Amino acid sequence: MALRNVLRARLALRIYLVGLAQFALVAAGFIALLEINRPKGFPHEHQVRFFHEMIAREIDDPRELQGVLDLMQRELHATATVVDPDGAVFATNALGPPPRCMPPRPPGKFMEDRPPPCHVRPVRFPDGREGRIEQLSAFRPPPGPPITGPRVVGMVLVVVGISSWLLARTLTRPLRRLSSAARAFGGGDLKARAALPNRDELGDVSRAFDEMAERVTELLRAERELLANVSHELRTPLSRIRMALALVAEAEGDVAVAREMLGEIGGDLDELERLISDVLTAARLDFEDVASHAGIPPLRRERVDVHDLLTHAASRFRAAHPQRALRVDVPADLPSVDADPVLLRRVFDNLLENAHKYTEEPAETVELVARGGEDITVEVVDKGVGISAEDLPRVFRPFFRVDRSRTRATGGLGLGLPLAKRIVDAHGGHIELISTPNEGTRARVRLPIAHLSPA
């Protein structure tokens, strides 16, 4: 499990591998120092064979023969003696009495008790008789410079210092880039992004920052759009109310004109009330999790009969749009739900209103269908203009409007569907839209049924 976590933590794995590389480099350097300072062993066989051949070639020239023996002493640190067929010393490179090869004896307890290695090789003299070459290699060649503590410490410091600096550079460069993007974004540059290409934890942090910056930018953009939309929506009915009051004043007691204008004023006041109610409901749902601290009332849950709720929604729809045909298929034995009936009513009223609003053909029928089961599924189906695949993922974003025009018929703030989603989510349900342009839209709501309390 620990190894799996290390492998998943890519940055930790990189640091771990750098540590292993440091250890490997220090070990390799230490071994190299040992090899450099290791005393050279006895002469290799091919070196010995080479000098023996030179001795055989120069056996008839005492001067050249002595030169070869002296060179052998310098190169191999070995003492060589040429013995003639009678057993007398013919030539040697020994400074004093030439040592002779002794018969081997068992090794003693200490290295000094052992005889030095001796190589004996026959050599033919010019008269055809056979002598021999006796070579004694130096048992301990001159030692190399000792390995001192400062050398090892220096090597370790150099390896660790360079590798640590390279590692620190790979970490600090993306961190500086990320901190610069954070400062720029905090300073008001909403386009600032880190955009690190790293595939480790630093890259994950960078992508999380960029996603957060994107969401914050979108929220700020939505807030500006909200202010503009709310200002426009408030200004429009207020202007109509002011105009209606001016017409009433000019009517000079004309009751018919006054009654007509009062009806217009009442409609504009309803529009203002609906606008304010949408904004307040959005705020209420936004702060539902901190209701006790914010002073906002929580959901007022109660046992709700879904059949009655949908039947009343259909009745309100028919009263508001008598010219639109509505087909209702709601079984009477639908289970109940634990819900806030006021908020849930708003969901189905909004879905029915959207189905009517975006169905341009007056003869087309809107359908309201409900089914029970493990949960309750309610569908509102229309055959209207539909929603494009590009806009479908964004319809639940606050203030997003599929129809960008702002007419009295299709106007609004784009809060209806976002509010419906928040309400359904607050009740533990799910809402989705299935739509095809120019064919229609199916809005589907799933709600968990109420569980009976034990007796």
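Predicted model: local features only at pLDDT ≥ 70, side-chain atom pairs only at ≥ 80, totals over all residues.
A residue counts as exposed when its relative accessible area is over 50%. Asn-438 has a relative accessible area of 70% and is therefore exposed. This residue lies in the loop between E10 and E11, and its phi is positive, at about 65 degrees, although Asn-438 is not a glycine.

Taken as a whole, the protein chain has eleven helices and eleven strands. Of its 455 residues, 33% count as buried. Among the contacts in the chain with a separation of 6 or more, 62% are accounted for by residues 24 or more positions apart.

Five strands make up an open sheet in the order E6-E8-E9-E11-E10, and the pairing is mixed. Its edges are strand E6 (326-329) and strand E10 (430-436), each of which pairs on one side only. From one strand to the next, the twist averages 10 degrees. Within the sheet, strand E9 (residues 375-382) pairs with strand E11 (residues 440-448) in the antiparallel sense, over eight bridges. One of the residues involved is Asp-375, whose bridge partner in E11 is Pro-448.

Leu-417, Pro-418, Leu-419, Ala-420, Ile-423 and Val-424 are the buried residues of H11. Just after this helix, Gly-428 takes a positive phi of about 75 degrees.

H11 also packs against H10. The two helices meet at an angle of about 145 degrees, and their axes are 9 Å apart. Their crossing is left-handed. On the H10 side, the contact is made by Leu-343, Leu-344, Arg-346, Val-347, Asn-350, Leu-351 and Asn-354, while H11 contributes Gly-416, Leu-417, Leu-419, Ala-420, Ile-423 and Val-424. By residue class, the contact of H10 with H11 divides into nine nonpolar, three polar and one charged.

The crossing of H9 past H10 is right-handed, whereas that of H10 and H11 is left-handed. From H9, the residues Leu-309, Leu-310, Ala-313, Arg-316 and Phe-317 meet Pro-341, Leu-344, Arg-345, Phe-348, Asp-349, Leu-352 and His-356 of H10. The residues of this contact of H9 with H10 comprise eight nonpolar, one polar and three charged.

Helix H3 (residues 45-57) packs with helix H4 (residues 62-76) at an angle of about 165 degrees, with 9 Å between their axes. Angles over 145 degrees count as roughly antiparallel, and H3 and H4 are therefore described in this way. H3 passes H4 in a left-handed crossing. Gln-47, Phe-51, His-52, Met-54 and Ile-55 of H3 make the contact with Leu-65, Val-68, Leu-69, Leu-71, Met-72, Glu-75 and Leu-76 of H4. In the contact of H3 with H4, nine residues are nonpolar, two are polar and one is charged.

Ala-91 is buried, with a relative accessible area of 10%. Leaving aside residues up to four places away in sequence, Ala-91 touches Leu-65, Gln-66, Leu-69, Ala-80, Thr-81 and Val-82. Gln-66 is 25 residues away from Ala-91 along the chain, yet their C-alpha atoms are separated by 6.8 Å.

A final residue recalls the opening example. Ala-195 lies in the loop between helix H5 (149-186) and helix H6 (201-251). Like Asn-438, Ala-195 is not a glycine but has a positive phi, here of about 50 degrees. Ala-195 has a relative accessible area of 46% and is partly exposed, whereas Asn-438 is exposed.

Methods. Residues numbered from 1 in each chain as written. Heavy atoms only, no water. Left-handed = near helix turned anticlockwise from the far one by under 90°. Helix = DSSP H or I, 4+ residues; strand = E, 2+ residues; numbered from the N terminus. Contact = heavy atoms within 4.5 Å. Nonpolar A, V, L, I, M, F, W, Y, C, P; charged D, E, K, R; others polar. Pairing = 2+ DSSP bridges. Axes fitted to C-alpha atoms, helices over the stretch in contact; angles between N-to-C directions. Buried < 20%, exposed > 50% of the residue type's maximum accessible area, 1.4 Å probe, protein only. Parallel < 35°, antiparallel > 145°, perpendicular 65-115°, else oblique.
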